[in-house]
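Work through these exercises with the model in view. Try each task before you read its solution.

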Amino acid sequence: MAVIVRAGAAPMVWLGVLAAAVGLVPEGLTGRRIGLYGGAALFLVAAAVVAAVRTDRYRELERTATRAARGDILQDRAVTVRNRRRDHRWWLLAGFAAAVGLSFAVPAAGGMLLAGAGAGLWLKARALGRRESAAEKLLWVRTDWVEGGRPAGARVKGYRTTGPAAGDAAPGGARRR
């Protein structure tokens, strides 16, 4: 389940860093210094908001998690990451274009906002991983319940659990080494 959360983090961070770098080229309406300070504030706020949003729903679903049955289809980590990134590539490109466009008004701020959202997703996946490690079980979402890549969406009725050695993902959605 944390794989779904973590899958969007890396592209958002890297596209945000690229947009911030491109955003430093034009002087903008506010100047580079104000743009960088504003972007740093937006980075911190976005990371905190994205990391904190819907944590109650995640915890509720974790609390009511049941053991995975034989009939549950649990997807491979690489397939989940590929599907998640493919489904959201246009949103990422639109966010990148908006961040670069915003740089003509406030240099680097839009890119840092996008990178902050990606960092917030990464922080959320890390928190999920810590809870998975503490409980010594991995959390999964049935693939037929995930709508549009939302691991805590309305169609998700509960999480499934397996032991920590199951699958190819480590707690928190990282690749098992």
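Buried means under 20% relative accessible area, exposed means over 50%, and partly exposed lies in between (1.4 Å probe, protein chains only). This is a predicted model: local features need pLDDT of at least 70, side-chain atom pairs count only at pLDDT 80 or more, and totals for chains, interfaces and linings use all residues. Residues are numbered from 1 along each chain as its sequence is written, and side-chain values use heavy atoms, without hydrogens and water.

**Exercise 1.** Find how many salt bridges the whole structure holds, and classify the partners.

*Solution.* 
- Apply the cut-off: a side-chain nitrogen of Lys or Arg within 4 Å of a carboxyl oxygen of Asp or Glu.
- The search gives 2 salt bridges.
- Arg32 pairs with Glu27 at 3.0 Å, N to O. Glu27 has 44% relative accessibility, so Glu27 is partly exposed. Arg32, at 35%, is partly exposed.
- Arg131 pairs with Glu62, with the closest N and O atoms 2.8 Å apart. Arg131 is in helix α7 and Glu62 in helix α4, so the pair ties together parts 69 residues apart in sequence. Helices are DSSP runs of H or I with at least four residues, strands runs of E with at least two, numbered from the N terminus.
- Arg131 is partly exposed at 23%, while Glu62 is buried at 15%.

**Exercise 2.** Is Thr161 buried or exposed?

*Solution.* 
- Locate Thr161: strand β3, residues 160-162.
- Read the relative accessible area: 10%, so Thr161 is buried.
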